[in-house]
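This briefing covers one protein model.

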Amino acid sequence: MVTLARLVLLFGCCLHGMDAWRFDVIAKDRVGFTFEEKVDILRTHNNYRREAGATNMNQLLWHSGLESLAQSWTGKCMWYHNYRRHRIPGFDYRYVGENMYLSLTWMYTTRALDQWHNEKKFLTPELTCRSKRMCGHYVQMVWFNTETVGCSVRYCSKMGFSRWVRDGFFMVCDYGPLGNTRGIPLFKRGEPCSECPPGRVCVNKLCALPNCNNIQCQNGGQLIQDVCMCNCTNTGYDGETCQTRLSG
């Protein structure tokens, strides 16, 4: 018999802790995150990237294509990576990074990110993972030239290929472009923004696209400046720029 303590020890990177047997029944019907939750996810990513103290760290932006890719994969309810996420015809990125998280109870939006961030303690001074330790989730979160992220979550009544969890809430974040590339440093330590790539400017210690890449919110949408996202709440429209009329 596998005890809860044993399960958390073996699978601690991806499972919530001691309240893990309580299911939030209402959340079982949800697919994806609300606008407010997406803002939290993006802010948390960028806060962790900011704290790294890098000379060349890009600010992340939300990417609806990566969100759709993540949502499609959570629908598979399979506990392994989407190995077809690379070289998608017409997609922005040739290679896409991916982090996954599995919880037995509905998760607060940024819980998975906080768990991935905890892997920071397994980095060596040379910014590589210590032997026999997992830190790839954290590395992808703070990979210097990653530009965008999109995440989704859903409840899976049956979770395939998981040794420990038969059903639970499955969260996936996809990143463009891919991090964790052999032979390339995670980032360069030093004065923040001192080595931003061409075309980017320093915004709160991160290398950002000028003026939120000139995004224009439509149909009454309001720009959330720090995350460069259009808030379409109560406008009757949806989409990255509030360009799509909601049905009904």
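Is β4 largely enclosed by the rest of the structure or largely open, and why? It is largely enclosed, because 9 of the 9 residues of β4 are buried. The model is a predicted one. Its secondary structure comes to 6 helices and 10 strands, and 48% of the 248 residues count as buried.

**Overall figures**

- Take the contacts between residues at least 6 apart in sequence: 68% of them join residues that are at least 24 apart.

**The four-stranded sheet**

- An open sheet of 4 strands runs in the order β1-β3-β4-β2, and its pairing is mixed.
- β1 and β2 are the edge strands, each pairing on one side only.
- Strands of a sheet pair through backbone hydrogen bonds, in either the parallel or the antiparallel sense.
- The pairing of β1 with β3 is parallel and spans 2 bridges.
- In that pairing, Leu61 stands opposite Thr148 of β3, and Trp62 has Val149 of β3 as its bridge partner.
- β3 pairs with β4 in the antiparallel sense, over 9 bridges.
- Across this pairing, Val149 has Tyr175 of β4 as its bridge partner, while Tyr155 stands opposite Phe169 of β4.
- β2 and β4 (residues 168-176) are also antiparallel, with 7 bridges between them.
- Here Gly97 is bridged to Tyr175 of β4, and Ser103 stands opposite Phe169 of β4.

**Burial of the strands**

- In a regular strand the side chains alternate between the two faces of the sheet.
- β3 is mostly covered, with 9 of its 9 residues buried.
- One side of β3 carries Thr148, Gly150, Ser152, Arg154 and Cys156, the other carries Val149, Cys151, Val153 and Tyr155, and both faces are covered.
- β2 (residues 97-103) is mostly covered as well, with 7 of its 7 residues buried.
- From β2, Gly97, Asn99, Tyr101 and Ser103 point one way, whereas Glu98, Met100 and Leu102 point the other way; all are buried.
- The charged-class residues Arg154 of β3 and Glu98 of β2 are therefore among the buried ones, given that Asp, Glu, Lys and Arg count as charged.

- Ser152 belongs to strand β3, which covers residues 148-156.
- Ser152 counts as buried because its relative accessibility is 0%, and the cut-off for buried is under 20%.
- Apart from neighbours within four places in sequence, Ser152 is in contact with Gly32, Phe33, Glu67, Ala70, Gln71, Thr74, Phe170, Met171 and Val172.
- Ser152 and Ser72 lie 80 residues apart in sequence, yet their C-alpha atoms are 8.7 Å apart in space.

**The largest pocket**

- Rolling a probe the size of a water molecule over the atoms shows where empty space is left.
- The largest pocket has a volume of about 600 Å³.
- Its lining is made up of 24 residues, and those nearest the centre are Trp62, Met229, Cys230, Gly239 and Glu240.
- Two or more lining residues come from each of α2 (35-51), β1 (61-62), α3 (64-74), α6 (211-214), β8 (229-231) and β9 (237-238).
- α3 gives the most to this lining, with 4 residues.
- By class, the lining holds 11 nonpolar, 9 polar and 4 charged residues.
- Trp62 links two of these topics: it lies among the residues nearest the pocket centre, and its bridge partner in β3 is Val149.

Key. Residues are numbered from 1 along each chain as its sequence is written. This is a predicted model: local features need pLDDT of at least 70, side-chain atom pairs count only at pLDDT 80 or more; totals for chains, interfaces and linings use all residues. Side-chain values use heavy atoms; hydrogens and water are left out. On a 1 Å grid over the protein atoms alone, a cavity is a set of points where a 1.4 Å probe fits but cannot get out, and a pocket is an open set with protein on both sides within 12 Å along at least five of seven lines; lining residues have an atom within 4 Å of a point. Grid points are joined across faces, edges and corners, and a volume is the space filled by probe spheres set on the points. Buried means under 20% relative accessible area, exposed over 50%, partly exposed in between (1.4 Å probe, protein chains only). Contact means heavy atoms within 4.5 Å. Two strands pair if DSSP finds at least two bridges between them.
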